[in-house]
Amino acid sequence: MACVAVNSLVRTIELELLQPLPRPIVRQKQLIPGNEDLLQSLHRKLGFLIELFDENRMDGIQAIKDLETMLRDVAFRVEDEIEFLIVHLYDAEKDFGIADLFGETGYSFKLGCILEEAIRDIDAIHKNLSKVKMECVAAALQGIGIGWKTTSTVVAAAAASTTSSDGGVDVMMMAGVGDSSHHQHASHSQPQQGSSIMVGKNNDFHIVKAMLIQHSSKQQEIVSIQGMGGIGKTTLAKRVYEDPSVASRFDIRAWVVASQYHNKLQMLTDLLKSMGCVGSGTQEDQLAQQLYKKLMHQRYFVVIDDIWSVDAWNSVKACFPDNANDSRVLLTTRSAQVATFIGSNNDFSHQMQLLQEGESLNLFHEKTSKSLGSEFDMIGRQIVKKCKGLPLAIVVAAGLLSKLHTLDEWKNVAEVLNSSATTTIDEECSTILSSSYNHLPHSLKACFLYLSVFPEDEAIHVKTVVKLWVAEGLVKASKDMSFDAVARKHIQELKDRNLILVSRASSCGRKAKVFRMHDLLHSFCVREAKKENLLHVVYENDESTSTPKYFRWVSIQSGRFNRQTLYSSLKSCRSIFVFDSLVDRLYIFLNLKFGRLIRVVYNCNIDLKYLVHLRCLLAPPARPALLEALVISDPFCCWNLQSLSVRSIDKMSVLEFPQLQHLRSNNPLSDFPICFHQNLKSIGWLRADHCTKEFFTSIPYLEKVMIQSKGGWYDCINNIAYLHQLQSLSLYGFMYPLIPNNNCIVSCKNLMKLNFRCVSFEGKTFNNFSKLPKLEVLVLIKCKWIGGEWELLEKDSFDQLIYLNISSSYLERWEASASHFPNLEHLILSWCEELEKIPAEFAEIPNLKSIKLYGCLQFAVDSANEIQREQHEQGNDNMVVIEENTIKENGWYSSH
C-alpha cells in the first residue's frame, strides 16, 4: 500500500537533497547544511521500514494494513512539503507575488522541522508495527488461528529477533511469503503475442475454424466467440487468426481491439494499420471510406477483439462490404446479448466453457514449469480447484507459485485463498489476483500500479514505461545495475508472473519491446490505484463521478473534459497523461501553473516555466511530439530533467541538466553548446557536422545515437570511434550519401544494433561490419548498393547477427553462405523488387526461424520456400516463410 509513496519520497530526497550537485537555488539558500544528519536518517529509516513491511507480509491483519496506510500518508505529506518548499524558493526568487516568508536562513530551519516531524512519525509507525507483530506471535502461541503463519513458523521467527541499528526498536524479523508468434507490429490493432497455450481448447479451435473456412455460406458472415473475462477468447481468436490454413484462405486479414470504451476513429485507424495502410485523413468518414475501398472485391478476415456493445459494432459495420466471396468477421465478447444481436446466426456463434479439472491441472503445470514433489502437487491441486476452471486465474496463480520455492510458502498461499468466503468465479478470480498482487515485492508492486495510467488494451512500449518508472522514482538502482536496467528487470519479473502479456519482442527476440495487460488485470490495477489515492481517469463525457481532491497521476482518455475542474485538483498531482486519439486535432494545451509538483508530462503541450520538478517530458513512440519548440527561460528550474522528447529544440543549453539521460528531437538538434552532460545515454537526432571529437568525448557513456546527414558525413563516422559504450547506431541520409569503406564504426566493440536509411555503399563496406563482435541487429532501409551486388568473402562472418532486415533497397545479387550468418534467426526482405533469390546455402543455418518477404519477386519467394523445405527435412519444423504482396510475372501483386 505504501510502496509508491515511500519509493517516490526516497528518490525525491536523493535527487533534491542528497545528490552531489543539488539544484543551485537549494545551495544558494543553504537548505542542506545543518540538515545532513536528518536527511540521512529519514532516508535510511524509510528504506528500512518499507523493507520491513515487505518482509513481514501478513494477509488479513487489519492493524498491519492500517499502519501501512499511515506510512503512505506520512510519505505523501512529507514529499509534498519538501517539494512545495522548493517551489516557494523559485516563486520568491522570481517575485511571483509571494513574499519570502522564511528569509535567507529560514528555509533550512523549515526543512529541518519537516524532517524532524517525519522521523517522529516514522519511528511511531515502526514501534507500533513491532507491537502488532509481537501480539500476533503471542496469539499464535496461544493457539488462536490468524491465517498467516503456522505456530511452528512463528516460534522459529521469534527466535530470530533483531534490533534495528537505526531506531533502536526491537523488531521481530519474520520471513513472509516473499518473494513468439510471427509478424507482430507495435500497432494497437495486432493480436497479443503472449503464450498461446490452448490446453483443452483444441475442440474450440476446430469448431471456430470450421465456421471460418469450411461453412458453405458464400456471403459475409459474423462469427462470435462468447465467454466470461479471462476464459481465453483472445487466445483462441489469435490461434485461429495465425493458423496457416486460415491465413491462406483470405486475401486480407486485419485485427483490432474494441475494448470497453470504444473509439470509432481509433478502430478505423488501427484496422488500416493492421493491413499495412496509413490512413490518409483524420476524419472518421474519410477513414471509413478508405477501409471500405480496401476490402471491396477482396476475401477478407477481420477480428474485432473484446467488443462490449452493439454500438461499437454499428460504428464500423458499414465498412465491411459483402462481396459474396466467403469473407468473415470474427468477434470476441463477454456479452451473450451482443453475440446474439451481431452474429449471423447460431451456426456462427461459439460459447466457450470453463476448463475441466484435468485441463486446469495441465495448464497449471505448464505455467509453473517445475515439479517439486507430491506434497507440492497436492497443494497445487487445492489452488487450481479455487480457480474454478478460469484460465486467467490459473495462469496468474501459477505465476505467483513459480516464484515460491518452499512448501511453507505454497501452504501459506493456499491458506489465504481457502480462507476467503467467495462464491462466484468473478470473486475467486479477484481473490487470486489480489493474492498475486499482495505477494509482489514493494518495488515491483509500485511499478505494477503505475501501469494503471494506460488505457485498457493499450500497447505499452517498454522503453517508454522504463523512463516513466525512473522519473517517478519507483525503481532503485544498485552498485551493479542502473535505474534503467532495474526497470527492465521488473518488466521481465511481471512477465514471469503472468501479469503482463508481451505482444512484440525486440528485433533480436531476447527482450520485450511492447506489452499489454489482460483487461481483468488492468481493471484490478486501476481499482487498486484509485483505492490508494494514486489515480484519476478522465473518460469520455464521464459525469458520473466527481474529481477526487488528492491524486498523484491523471490519465486523460478523452478530448472532452472540464479543464477548470481538473485544474482545481492538480495541487498534488505528479504525472499527467493524454491518450485521446483526437489529440493531434485538439492540440491539447494544459495550464500547469495549478500543478506545481508535476514531474511527468506525456503527450500534451505545457508552459515549462511553472514546472520546477519536471523530470520527464515524452511523446508516444508512434506519434511525433506536440511541442513545436522547447524554450526553457531559466534552465536552472528543471534541474532534475531526465528524459525529453519534443518536436524540436531551439537554442537550448543542456549543460544545466545533470540528470538528463535521454534526449529526442524529431528534427536534428541545432545551435546547442559543444558539450552535453556526461550522463547522457541516448540522443537523436544529431546533425553530422555537429558530431566532432570534442562533442563525443564529452558524452562518454552514450549508448544510443541517431545521426542525420543532408550532405556528406564529414568526420562524423570516424569520430563515432570515441563512443566506447555505444550499443545502437542509426545513420539516416538524404540524397544517399556514401558510407566510406574505411570507417571507424568497427572500433565500437559494444555495438549491437546498426540501422542505415537512405545511404549508399559498396558491398564490401558491410563486410567490414562483420568485425563487430556483438552485432545482433542490422537494418538497411532504402539503401543503394553500388553495383547492385553484395558478395561476402570467406573471412566475412557475422557471427552474432540474429536479425537482418533489408527494405526497399537496390540489391540485385546476394552471394553468401550459412557460414557468413551462422546464428541468423530472422531475415526480412521488403520491397526488394530486383533481388531474384536468397542464397540457397541459408538452408544450412541451424537456428533460422523465419524468412518474411513483402513486395518481393516470385523467384525470391520460391527460393525462400526451397530453403524452408530443406530446413524441415533437416528437422527444423518451426522455420516459416511468410509472404505478402508478392510480385507475379505479369507485374501484379498477390496478397497472401
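**A residue in helix α5, and the chain around it**

Modeller: I125 counts as buried because its relative accessibility is 0%; buried means under 20% relative accessible area, exposed means over 50%, and partly exposed lies in between (1.4 Å probe, protein chains only). Before we continue, please note that this is a predicted model, in which local features need pLDDT of at least 70 and side-chain atom pairs count only at pLDDT 80 or more, while totals for chains, interfaces and linings use all residues. Residues are numbered from 1 along each chain as its sequence is written, and side-chain values use heavy atoms, with hydrogens and water left out.

I125 belongs to helix α5, which covers residues 103-141. Helices (H or I, at least four residues) and strands (E, at least two) are DSSP runs, numbered from the N terminus. Apart from its neighbours within four places in sequence, I125 is in contact with L49, F53, L67, M70, L71 and V74; contact means heavy atoms within 4.5 Å. One of these partners, L67, is 58 residues away from I125 along the chain, although the two C-alpha atoms are separated by 6.4 Å.

The whole chain gives the setting. Of its 896 residues, 57% count as buried, and its secondary structure comes to 28 helices and 34 strands. The accessible surface is about 36,600 Å², with 49% of this belonging to carbon and sulfur atoms; such areas come from the Shrake-Rupley method with a 1.4 Å probe, and for residues only the protein chains shown count as cover.

Two other helices may be examined for cover. Helix α8 (residues 233-242) is mostly covered, with seven of its ten residues buried; among them are L236, A237 and V240, and also the charged residues K233, K238 and E242. Helix α20 (residues 462-471) is mostly covered too, since nine of its ten residues are buried, including V462, W469 and A471. Just after α20, G473 takes a positive phi of about 75°.

S259 lies in strand β4 (residues 252-259) and is buried because its relative accessible area is 9%. Beyond the neighbours within four places in sequence, S259 is in contact with D305, D306, W308, E456 and D457. K681 is found in the loop between β19 (662-665) and β20 (682-687). K681 is buried yet has no salt bridge, and D484, the nearest side chain of opposite charge, is 4.8 Å away. A salt bridge is a side-chain nitrogen of Lys or Arg within 4 Å of a carboxyl oxygen of Asp or Glu; Lys and Arg count as positive and Asp and Glu as negative, while His and the chain ends are not counted. If residues up to four places away in sequence are left out, K681 touches S482, Q661, H662, Y701, L702, E703 and K704. Strand β20 itself holds W685, and the peptide bond from G684 to W685 is cis, with omega near -5°.

A324, in the loop between α12 (310-314) and β6 (328-333), is exposed because its relative accessible area is 51%. Although A324 is not a glycine, its phi is positive, at about 55°. W831, in the loop between β30 (826-830) and β31 (850-854), is partly exposed at 34%; its phi is near 50°, a positive value in a residue other than glycine. K888 lies in the loop between β33 (886-887) and β34 (893-894) and is partly exposed, with a relative accessible area of 33%. K888 and L857 are 31 residues apart in sequence, and their C-alpha atoms are 6.6 Å apart in space.

Finally, E791, E815, E841 and E844 form a negative surface patch. Patches are made of residues with over 30% relative accessible area and no salt bridge, where like charges are joined within 9 Å and nonpolar side chains (Val, Leu, Ile, Met, Phe, Trp, Tyr) within 5 Å; the place of a charge is taken as NZ of Lys, CZ of Arg, CG of Asp or CD of Glu. E791 lies in strand β27 (residues 789-791) and counts as partly exposed because its relative accessibility is 44%.
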